[in-house]
Amino acid sequence: MRDLFDRIIENKGPLGKWASQAEGYFVFPKLEGPISNRMKFQGKDVITWSINDYLGLANRPEIKKVDGEAAMEHGAAYPMGARMMSGHTDYHEQLEKELAAFAHKQAAYLLNFGYQGFMSVIDALVSKDDIIVYDVDCHACIIDGVRLHMGKRFTFKHNDPESLEKNLERATKMANETGGGILVISEGVFGMRGEQGILKEIVALKKKYKFRLLVDDAHGFGTLGKTGAGAGEEQGVQDDIDVYLATFAKSMAGIGAFVAADKEIVEYLKYNLRSQMFAKSLPMVYVKGALKRLDMLRTMPELKAKLWENVNALQNGLKERGFDIGTTTSCVTPVYLNGSIPEAMALVKDLRENHGIFCSIVVYPVIPKGLILLRLIPTATHTMEDIAETLDAFSSIRERLENGTYKRLSAAVSAAMGE
């Protein structure tokens, strides 16, 4: 028998093996200063394209005032205990009612964190006899939630209606045998590629197949739809989403999340969500802060308008310069380039050190080998000057990538890693 830790020491994983070269710079970087379009990285000013503060709420004075007053009045602990035992307040109920109305649902329930909450929602909704059918590109929190499922699950090809229907046929046959039901799961917006989920096509299949639809709309909430209610509203099918999930960590620039559905379903979840039943209640500073943020989403449409002005300027500018941004239909702006992981490191270092541009870098195993994905998140705080500088910088780094400059610079790293 081997020691449990032998495997961990010998194989640090596809990302962990780069830790000595990457940590502190490419992964676990430290951005400093107020959250904004421009921050500091290792003492240098950079334009930040990796902060999910879509509507620019994080550093607004009216937000900080409410957060500060709530912290002064309640501290960071109140209320103590889980919601079911001692952590329930009128403000939690008020926020839930307002979130339900905003999402066009009968009821809503607060979640302490999106990741753990979304996992727990899946776990609570299905039994061992039920079948889950989900998009293969769903977020890690969905994948982990599905892993908790004791029954059968099938993936369908990303945003592929034919693949979905094929798997619904399989799931229907199996559900008839087990006596269970079917849960279909999709993202409202897929956070890596920026594509909206095919919610309208999924909903249309309800006429032929019997299933319930769960949508994780972390990136769509506050950014899409006439009122900001998300991808379902944008596609005209919000009423047909049976269980709607969204987080405060993006448009709301905070901590927490919520699930919204028909009143009877939310009532069930309140009494069966293990991650909430056995966890401390969301502190008041976040609850009151979320109430203020939600009010600004409702009453200040100019925030979303400014966001989309910047999104369109950035995405159109990239396309005009011949960059591949995939098929994004959201604020998420991916830029696809060809190159190795060492080349990606050299490229990103050039962007940060010589051009003052900070964006997220995504490589294998998240995307296929040989591809580099630079992921930009426009916000309402960015300026046209930021966009112009970024477009010029991207043109420069593409030229250096194509003429082999980064390959030469990265040769030593490649040799050290045995690539």
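Predicted model: local features only at pLDDT ≥ 70, side-chain atom pairs only at ≥ 80, totals over all residues.
The domain assignment gives domain 1 as 4-54 + 301-417, and domain 2 as 61-299.

I will start with the interface. On the domain 1 side 21 residues are in contact, and they meet 20 residues of domain 2. The two domains bury about 1,500 Å² between them, with 55% of that on carbon and sulfur atoms.

How many salt bridges does the rule find across it? The count is 0. Polar contacts are there, though: 9 residue pairs, both residues at pLDDT 80 or more.

As for which elements take part, three of them give two or more residues to the side of domain 1 that touches domain 2: α14 (301-320), β11 (333-338) and β14 (371-376). Helix α14 gives the most, with 6 residues. By residue class, that side of domain 1 divides into 12 nonpolar, 5 polar and 4 charged.

Now salt bridges over the whole model. The rule counts 22 of them. One to look at on the screen is R83 with E96, where the closest N and O atoms are 3.0 Å apart. R83 lies in the loop between α4 and α5, while E96 is in helix α5, so this pair ties together parts that are 13 residues apart in sequence.

The loop between α4 (61-74) and α5 (90-102) also holds P79. The peptide bond joining Y78 and P79 is cis, with omega about -5°. F28 is found in the loop between α3 (19-22) and β1.

That brings me to the sheet containing β1. It is an open sheet of 4 strands, in the order β1-β2-β3-β12, and the pairing is mixed. Why is one side of β1 and of β12 left without a neighbour in the sheet? Because β1 (31-32) and β12 (357-358) stand at the edges, each with a single partner strand. In general, strands of a sheet pair through backbone hydrogen bonds, either parallel or antiparallel. Here β1 and β2 (residues 38-41) run antiparallel and are joined by 2 bridges. L31 stands opposite F41 in β2.

To recap the interface: about 1,500 Å² is buried between the domains, with 0 salt bridges across it and 9 residue pairs in polar contact. Helix α14 is the element that gives the most residues on the domain 1 side. That is what I have for today.

Notes
Residues numbered from 1 in each chain as written. Heavy atoms only, no water. Pairing = 2+ DSSP bridges. Domains from an automatic or database assignment. Contact = heavy atoms within 4.5 Å. Buried area = accessible area lost by both parts, 1.4 Å probe. Salt bridge = Lys/Arg side-chain N within 4 Å of Asp/Glu carboxyl O. Polar contact = N/O pair within 3.5 Å; in protein donor to acceptor, adjacent residues only side chain to side chain. Nonpolar A, V, L, I, M, F, W, Y, C, P; charged D, E, K, R; others polar.
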